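User: I'm new to this structure and would like to learn how to read it. Could you walk me through it?

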Amino acid sequence: MSEKDVIRIPSAGPSITQAEIDLVSQAIKDGWGPKMSYYIDEFTEEFSNYIGYKYCLPTSHCTDAIHLAMLTLNLKPDDEVIVPDMTWVASAAPVIYVGAKPVLVDVDSNSWCITAKEIEKSITKKTKAVVVVDLLGNMPEWDEIIKICKKNDLFIIEDASEGIGARYKGKLAGTFGDISLFSFNATKLIMSGQGGMLCTNNQELYKSAKLMSHHGMDKPQDGKGKYYWSDVLGYNYGWTNIQAALALAQLRRINELLDYKKWLFNKYREGLASVPNLKLSPSTPNVDHTYWITTAILKDYGIKKEDFKVMLDKYNIDMRPLFYPLSDMPPFKNYVKGNMRETNPVTYDLSDFGICLPNGNNLSNENVEYICHHFKKALGVS
Ligand SMILES: Cc1ncc(COP(=O)(O)O)c(C=O)c1O
């Protein structure tokens with residue numbers, strides 16, 4: 001494939017088959033009136049069976065689900081929630097929405113995830129919860145994290161948005177939190193354009209989140225009671241049948257999509273094998289990584305992620321930089337003290353040189369070969 005023939009290779013993209021088209025078309029035709037929540041209910045039930053949590057609440061975005069999770073904790077202004085510094089902004093922003101303080105801690109240089117040691121170091125009398133992120137398809141050392149959280153009576157919010165399908169000691173991502181959260185935005189392993197899910201085995205938490213997800217309104221039982229009555233101030237975080245139909249078709253293909261991600265990672269590993277000292281997504285002993293996004297660290301080449309992105313743009317490849325440390329960005333500056341590059345060195349190091357390879361679920365063999373060829377060309381390796 002020559003550079004001229006290439007249509008821009010996007011950083012992410014879904015795999016859409018006839019199954020998605022059929023189910024979404026069906027939902028457009030009949031997902032109204034008596035079936036106004038049919039596909040939402042179907043998806044919720046199948047997702048609950050997949051994850052094995054009793055209560056699942058679909059939301060418009062995972063960010064909303066994280067917000068609801070924070071609201072259910074009834075945090076006070078001085079309360080602290082520990083969050084890894086290396087994650088997508090939505091893992092931490094809802095802590096601030098509810099007026100509490102995010103405490104941003106470093107990640108492990110092997111897994112790139114939060115560790116029990118970092119959590120323990122940061123616990124104060126005000127710590128109420130920890131957001132544990134299954135980053136980029138990998139997972140942390142969960143046994144140690146659970147032990148430290150139990151010992152200190154800390155609530156675990158598992159942000160499994162990027163980890164769906166991964167396993168720690170055989171147990172699925174999203175089954176470790178008191179509340180676990182998922183995202184189905186367009187970049188995710190299974191997607192509905194936008195969408196999220198809050199899962200828990202705690203009925204009270206579920207009921208509270210559900211009430212707030214729809215303006216604090218509960219439907220009258222058996223037609224008796226008040227319609228459109230807000231018991232508490234809430235939000236409008238529901239989603240649509242059409243999104244749910246898309247997510248349902250994708251969920252039914254999850255094993256195929258997981259196999260695809262492994263294929264893609266292995267293609268990148270083979271295609272870039274001749275690049276000396278290139279670090280790709282880490283694998284840790286107890287985890288079955290999904291490689292949701294294959295990531296490369298360019299530190300040994302001294303090339304900053306922003307510069308590499310521009311180099312690959314020339315070849316019509318959209319290569320996205322790894323996240324910035326949350327502690328480096330303006331909304332979080334009021335919550336950090338001192339030199340965070342010294343406090344969280346692993347996060348800053350990964351962020352400076354981390355680059356995400358195109359990770360669409362629809363890349364062809366030819367696309368991957370083209371990407372690897374130009375990746376090597378940009379590094380001056382043949
Ligand atoms: C780790 C993590 N948490 C939360 C989110 C938020 O998901 P959403 O876009 O559905 O709000 C994302 C999405 O990119 C994510 O990667």
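User: Which helix gives the most to the shell around the ligand?

Analyst: Helices here are DSSP runs of H or I with at least four residues, strands are E runs of at least two, and both are numbered from the N terminus. Helix α3, residues 62-72, gives the most to the ligand shell, with 3 residues. Bear in mind that this is a predicted model, where local features need pLDDT of at least 70, side-chain atom pairs count only at pLDDT 80 or more, and totals for chains, interfaces and linings use all residues. Residues are numbered from 1 along each chain as its sequence is written, and side-chain values use heavy atoms, leaving out hydrogens and water.

User: Which residues come nearest to the ligand?

Analyst: A residue counts as near if one of its heavy atoms lies within 4 Å. Of the 16 residues around the ligand, Thr63, Asp159, Glu162, Ser183 and Lys188 come nearest.

User: Which polar side-chain atoms lie by an oxygen atom of the ligand?

Analyst: A polar contact is a pair of N or O atoms within 3.5 Å; within protein, one must be able to donate a hydrogen and the other to accept it, and residues adjacent in sequence count only if both atoms are side-chain atoms. Glutamate 162 has a polar side-chain atom 2.6 Å from a ligand oxygen, and lysine 188 has one 2.7 Å from a ligand oxygen.

User: In what order do the 4 strands of the open sheet stand?

Analyst: Two strands pair if DSSP finds at least two bridges between them. The order is β10-β12-β14-β13, with antiparallel pairing. β10 (279-280) and β13 (320-321) are at the edges with a single partner strand each, so one side of each has no neighbour in the sheet.

User: How many bridges join β12 to β14?

Analyst: There are 3, between β12 (residues 295-297) and β14 (residues 354-356). Isoleucine 297 stands opposite glycine 354 in β14.
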